[in-house]
Amino acid sequence: MIPDKKIILLAQQTLQTEADSITQLKNLIGKNFVDCVKIIIFSKGRIIVTGIGKSAIIAQKIVSTLNSTGTPAVFMHAADAVHGDLGIIQKEDVILCISRSGNTPEIKVIVPLLKNSGNKLIAMAGDLNSYLAKNADVILNTSVTKEACPMNLAPTSSTAAQMAMGDALAVCLLECRGFTKEDFARYHPGGALGKKLYLKISDLYPDNLRPEVAPDDSIKKVIMEISSKRLGATAVVKNKKLMGIITDGDLRRMLENKSSFEGVKAKEIMTVHPKAVDKNMMAVDALQLMKKHNITQVVVAAKGKYLGFVHLHDLLREGII
């Protein structure tokens, strides 16, 4: 077992070597990268991403990123391509082939087949003199000075560079397509990120109970209403109009200031003009309102009409926080 300090040093060196490799990619971005983006943007098909070994794993991640940002993409393993998976490719598709060496047997087998199909071939290669690079229509240069592996063998810096180049490509494509937050939410409906962009108050409050009391109701009625509805507050309502709210905090403060609450009415302790949200407000904006004012629930109203409550727990349940 090597000393602790050596472990820390190796980890730091690995990160620094990979960071340097990614930084150096900036100098390799030029006309070829622009041509690659234009080929994909003006294509009427999808982008088929393929590779072998570690590059295949990177290819799957790039496919996932492209699909989630508005560029239809499909992964095709280079080893499976010659066993029927070439059928994935359609006439208008663009092929992105990823390989550090560009000279593996699988690459040498499928490249002529891809070229014969007439599809545009983009090479993401670490060797510009490789078989793949020489037969590609456009080259994305992902060459690195060295791998982070001490033996300079295990794909580390090279795969980090491939991943970063794929991200650069995806970001440029989404910008060219005018991809919006609303588009992102549509592609991520089940995740917390997507919910932050599409979930509204109207999606939350109808499922909650609607605690309410009248202005002249007794404190006992207020306590029973707050307790039974379990939202930590109740609205004070007259003719369906929101007059104010009473929270459990208001009740505690009343008990501190009064020796008896006999005869005290709801209107005497309610908060007039409470923090209220519209049903069309985004849930994430309601969360910011709660944080700003240090409250755990907010009343929902429309043109002064009481609709219900949204509690902090609702946002926690949806993964907004």
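**From a turn residue to the whole chain**

Asn 239 sits in the loop between S7 and S8. That is our way into this predicted model. Asn 239 is not a glycine, yet its phi is positive, at about 55 degrees. Its relative accessibility is 68%, so Asn 239 counts as exposed, the cut-off being over 50%.

The two strands around this loop form a hairpin, with 2 residues between them. S7 covers residues 233–238. Strand S8 covers residues 241–247. The two run antiparallel and are joined by 6 bridges. One of the pairings links Ala 233 to its bridge partner in S8, Thr 247. Strand S7 is mostly covered: of its 6 residues, 5 are buried.

S7 has another partner. Strand S6, residues 212–213, is joined to S7 by 2 bridges. Here the strands run parallel. Glu 212 has Ala 235 of S7 as its bridge partner. In general, strands of a sheet pair through backbone hydrogen bonds, and the pairing can be parallel or antiparallel.

Is Glu 225 buried or exposed? Its relative accessible area is 10%, and buried means under 20%, so Glu 225 is buried. Leaving out residues up to four places away in sequence, Glu 225 touches Arg 210, Pro 211, Glu 212, Val 213 and Thr 234.

Beyond the helix comes Arg 230, in the loop between H10 and S7. Arg 230 also has a positive phi without being a glycine, at about 60 degrees. With 74% relative accessibility, Arg 230 counts as exposed.

Now turn to another part of the chain. An open sheet of 5 strands has the order S2-S1-S3-S4-S5, and its pairing is parallel. Strand S2 (73–77) and strand S5 (138–141) stand at the edges. Each has a single partner strand, so one side of each lacks a neighbour in the sheet. Neighbouring strands of this sheet are turned by 20 degrees against each other on average, direction ignored.

Within this sheet, strand S1 (residues 47–51) pairs with strand S3 (residues 94–99) over 5 bridges, in the parallel sense. Ile 47 stands opposite Val 94 of S3. Helix H2, residues 31–42, packs on the sheet and touches S1, S3, strand S4 (120–125) and S5. The direction of H2 makes about 125 degrees with that of S5. Helix H3, residues 54–68, lies across S1, S2, S3 and S4. H3 runs at about 165 degrees to S2.

Finally, step back to the whole. The protein chain has 14 helices and 12 strands. Its radius of gyration is 30 Å, well over the 20 Å that the globule rule gives for 321 residues, so the chain is more spread out than a compact globule. Its C-alpha atoms fill a box of roughly 90 × 55 × 35 Å, taken along the principal axes.

Of the 321 residues, 43% count as buried. The accessible surface comes to about 17,300 Å², and 55% of that belongs to carbon and sulfur atoms. Among contacts in the chain with a separation of 6 or more, 62% come from residues 24 or more positions apart.

Conventions: Residues are numbered from 1 along each chain as its sequence is written. This is a predicted model: local features need pLDDT of at least 70, side-chain atom pairs count only at pLDDT 80 or more; totals for chains, interfaces and linings use all residues. Side-chain values use heavy atoms; hydrogens and water are left out. Buried means under 20% relative accessible area, exposed over 50%, partly exposed in between (1.4 Å probe, protein chains only). Helices (H or I, at least four residues) and strands (E, at least two) are DSSP runs, numbered from the N terminus. Two strands pair if DSSP finds at least two bridges between them. The radius of gyration is taken over C-alpha atoms; the globule rule is 2.2 Å times the number of residues to the power 0.38. Contact means heavy atoms within 4.5 Å. Accessible areas come from the Shrake-Rupley method with a 1.4 Å probe; for residues, only the protein chains shown count as cover. Axes are lines fitted to C-alpha atoms, for helices over the stretch in contact, and angles run from 0 to 180 degrees between N-to-C directions.
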